[in-house]
Amino acid sequence: MIGYALLGTNDLPRAAAFYDALLAEIGATRFMESDRFIAWAVSSEAPSLGICLPFDGKPATVGNGSMVALALDSNEKVDRLYAKALALGGTDDGPAGPRGMSGFYAGYFRDLDGNKLNVFCYSPG
C-alpha cells in the first residue's frame with residue numbers, strides 16, 4: 001500500500017551520504033533523483049525512501065510522532081542496519097531488540113536531521 005516515504009533535510013549532500021551508506025546495507029540504491037530530491041529502493045516495484053529539501057523553501061523540521069519503519073527479514077539484519085545508522089552519526093532512539101509483542105524485533109534511531117526511523121523484523125511464532 002505504501003509507495004514511498006519522504007523525509008526533509010536541510011543538507012542534501014550530507015543526508016545523501018548517510019542514506020547511500022545506510023541503505024546499501026540492505027541492497028537499496030538510488031533510483032530517482034534531482035537537485036532537490038533523492039530516493040532509494042531495492043527494486044522499482046518496491047516502496048522507496050526519499051529525502052528532499054522542503055518545497056516551500058522553509059527549513060526542514062522533525063515531525064513529532066512521525067516515524068518511517070523499514071521492514072527487514074531477519075533480526076541479524078535489524079542489528080546490522082541499526083548499528084550502521086549509529087556508526088554513520090545517527091543517534092539512538094531505542095536499541096535493537098525484542099519489543100512488546102511476540103515476534104517483533106526492532107531498533108530505533110534518528111538520522112542526521114533528527115528524523116526518526118525504525119528497522120524491524122516481525123516473525124510471528
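A nonpolar core is a set of buried Ala, Val, Leu, Ile, Met, Phe, Trp, Tyr and Cys residues joined through side-chain atoms within 4.5 Å. Buried means under 20% relative accessible area, exposed means over 50%, and partly exposed covers what lies in between (1.4 Å probe, protein chains only). In the largest such core here there are 25 residues, of which Y19, L49, I51, L70, F109, L117 and V119 touch the most other members.

This is a predicted model, in which local features need pLDDT of at least 70 and side-chain atom pairs count only at pLDDT 80 or more, while totals for chains, interfaces and linings use all residues. Residues are numbered from 1 along each chain as its sequence is written, and side-chain values use heavy atoms, with hydrogens and water left out.

- In soluble globular proteins, nonpolar side chains tend to be buried together.
- Two or more residues of this core come from each of α1, β3, β4, β5, α2, β7 and β8; helices (H or I, at least four residues) and strands (E, at least two) are DSSP runs, numbered from the N terminus.
- Helix α1 gives the largest share of this core, seven residues.

**Salt bridges**

- Side chains of opposite charge can pair when their charged atoms come close.
- A salt bridge is a side-chain nitrogen of Lys or Arg within 4 Å of a carboxyl oxygen of Asp or Glu, and the structure holds eight of them.
- R30 forms one with D20, with 2.7 Å between the closest N and O atoms.
- This pair links distant parts of the chain, since R30 sits in strand β2 (residues 29-33) and D20 in helix α1 (residues 12-24), ten residues apart.
- R30 also forms a salt bridge with E33, where the closest N and O atoms are 2.9 Å apart.
- K84 and E25 meet through their side chains in a salt bridge of 3.8 Å, N to O.

**Aromatic pairs**

- Rings of Phe, Tyr and Trp (its six-membered ring) pair if their centres lie within 6.5 Å; planes under 30 degrees apart count as stacked, over 60 as edge-to-face and the rest as tilted.
- The count by this rule is four aromatic pairs.
- F104 and Y122 make a tilted pair because their ring centres are 6.4 Å apart and their planes stand at 55°.
- F104 is in strand β7 (residues 104-110) and Y122 in strand β8 (residues 116-122), 18 residues apart, so that the pair links distant parts of the chain.
- F104 counts as buried at 18% relative accessibility, whereas Y122 counts as partly exposed at 41%.
- F18, Y19 and W40 are joined into a cluster by ring pairs.

**Largest pocket**

- Rolling a probe the size of a water molecule over the atoms shows where empty space is left.
- On a 1 Å grid over the protein atoms alone, a pocket is an open set of points with protein on both sides within 12 Å along at least five of seven lines, whereas a cavity is a set of points where a 1.4 Å probe fits but cannot get out; lining residues have an atom within 4 Å of a point.
- The largest pocket holds about 470 Å³ of space; grid points are joined across faces, edges and corners, and a volume is the space filled by probe spheres set on the points.
- Its lining has 20 residues, of which P47, S48, A69, L70 and A71 lie nearest the centre of the pocket.
- Elements giving two or more residues to this lining are β1 (4-8), β3 (37-41), β4 (48-52) and β5 (68-71).
- Strand β5 provides the largest share of the lining, four residues.
- The lining consists of 17 nonpolar, one polar and two charged residues; Ala, Val, Leu, Ile, Met, Phe, Trp, Tyr, Cys and Pro count as nonpolar, Asp, Glu, Lys and Arg as charged, and the others, Gly among them, as polar.

**Distances along the chain and in space**

- A17 is in helix α1 and is partly exposed at 47% relative accessibility.
- A17 and L88 are 71 residues apart in sequence, with 9.1 Å between them in space, C-alpha to C-alpha.
- Y122 and L112 are ten residues apart in sequence, with 26 Å between them in space, C-alpha to C-alpha.
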